[in-house]
Amino acid sequence: MDNQGVSMNDSKKADRNSVLENSDSDIGIFGWLLVGLSLLLVLVTFPLSIWMCYKIVKEYERAIIFRLGRILKGGAKGPGLFFIVPCTDIFINVDMRTITFDIPPQEVLTKDSVTVSVDGVVYYRVQNATLAVANITNADAATRLLAQTTLRNVLGTKNLAEILSDREEIAHSMQATLDDATDNWGIKVERVEIKDVKLPLQLQRAMAAEAEASREARAKVIAAEGEMNASRALKEASLVISEAPSALQLRYLQTLNTIAAEKNSTIIFPLPMDMMHSLINR
């Protein structure tokens, strides 16, 4: 079913393009009479009129020529040099290069009732010059307005967390919506990007306080785990020292070596525990 729908859309586009591109074949006898008179006027005013008859279309442009209000057979012309009849033909240039524009910041109410300001950028180009001229008055202005409304509609269905984390998915959704809506205008939307999401100041402070509290909680957990591991290590060390009493004296000497290396003026003399026991007994 999807393939049939796509094929039907393609056939409709082809029929629409063929009608537009072959619309000069029925201008009538009176129309051809006017064209003949215009050519006669060009011949009479030659060579001055020659400068009005030739038009140059650049490599990145396409030309739409209207003869007595109808598009010439073949649709868009270019690039190159073309001959027109000054009195009956109207020449319109269409730029086919990629155009970029910024979406102004839009105040959007998210699905969880948070007001955010979001802006973006859109990249598009004219894919069919004939449709861009014949089907819409100003394709650029219409695309800009449609991009603003599409941004509001898409973000209105998202939560704040989704807007902050799923920017790429939102951009792809906007691109697909814009591309489908501007297809009848001969516009191809190539890329949409979300530039910035601005939160209210009070919400920023609340989120910062929440993040700080979360960091402090993690730090306390890490410190408690460190204390637990240290106590286990001290317990194991005490068991080792209890098995070999001389190890405690070696630890005293190692501590003295560490203190002497730091150039400390304090001198500590280790006192054997056996001597202390003897003094206590007396």
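Q: Where is the place of Leu43 in this structure?
A: In this predicted model, Leu43 sits in helix α2, which covers residues 28-44.

Q: Why is Leu43 called exposed?
A: Its relative accessibility is 64%. Exposed means over 50%, so Leu43 counts as exposed.

Q: What makes the nonpolar surface patch that includes Leu43?
A: Five names belong here: Leu33, Leu37, Leu40, Leu43 and Val44, and together they make a patch of about 530 Å². A patch residue needs over 30% relative accessible area, and Leu43 has 64%, so Leu43 passes that cut-off.

Q: Why is Ser113 called exposed, and where does this residue lie?
A: Ser113 lies in the loop between β6 (99-109) and β7.

Q: What makes the phi of Ser113 worth a look?
A: Most residues other than glycine have a negative phi. Ser113 is a residue other than glycine, yet its phi is positive, near 65°.

Q: How do you know that Ile103 is buried?
A: Ile103, found in strand β6, has a relative accessible area of 3%. Buried means under 20%, so Ile103 is buried. Ile103 and Val118 are 15 residues apart in sequence, and their C-alpha atoms are 8.8 Å apart in space.

Q: What makes Ala147 a buried residue?
A: Here the relative accessible area is 0%, and the limit for buried is under 20%, so Ala147 is buried. Ala147 belongs to helix α5. From its C-alpha atom to that of Thr177, 30 residues away along the chain, the separation is 9.3 Å.

Q: Why is the contact of Arg97 and Asp95 called a salt bridge?
A: The distance from N to O between their side chains is 2.8 Å. A salt bridge needs such a nitrogen of Lys or Arg within 4 Å of a carboxyl oxygen of Asp or Glu, so this pair qualifies. The structure holds seven salt bridges.

Q: Are Arg97 and Asp95 buried, partly exposed or exposed?
A: Arg97 has 43% relative accessibility and Asp95 has 29%.

Q: What makes Arg191 and Glu193 a salt bridge?
A: Their side chains meet at 2.7 Å, N to O. With the cut-off at within 4 Å, the pair is therefore a salt bridge. The relative accessible area is 47% for Arg191 and 29% for Glu193, so each is partly exposed.

Q: Which residues lie nearest the centre of the largest pocket, and how many line it?
A: The lining has 13 residues, and those nearest the centre are Val94, Asp95, Val126, Ala132 and Ala139. The space in this pocket is about 160 Å³.

Q: Which elements supply the lining of the largest pocket?
A: At least two residues each come from β5 (89-95), β7 (115-126), α4 (129-134) and α5 (139-155). The largest share, four residues, is that of β5.

Q: How do the residues of that lining divide into nonpolar, polar and charged?
A: Eight are nonpolar, three polar and two charged. Asp counts as charged and Val and Ala as nonpolar, so among the residues nearest the centre, Asp95 is charged, whereas Val94, Val126, Ala132 and Ala139 are nonpolar.

Technical notes:
Residues are numbered from 1 along each chain as its sequence is written. This is a predicted model: local features need pLDDT of at least 70, side-chain atom pairs count only at pLDDT 80 or more; totals for chains, interfaces and linings use all residues. Side-chain values use heavy atoms; hydrogens and water are left out. Patches are made of residues with over 30% relative accessible area and no salt bridge: like charges are joined within 9 Å, nonpolar side chains (Val, Leu, Ile, Met, Phe, Trp, Tyr) within 5 Å. Accessible areas come from the Shrake-Rupley method with a 1.4 Å probe; for residues, only the protein chains shown count as cover. Buried means under 20% relative accessible area, exposed over 50%, partly exposed in between (1.4 Å probe, protein chains only). On a 1 Å grid over the protein atoms alone, a cavity is a set of points where a 1.4 Å probe fits but cannot get out, and a pocket is an open set with protein on both sides within 12 Å along at least five of seven lines; lining residues have an atom within 4 Å of a point. Grid points are joined across faces, edges and corners, and a volume is the space filled by probe spheres set on the points.
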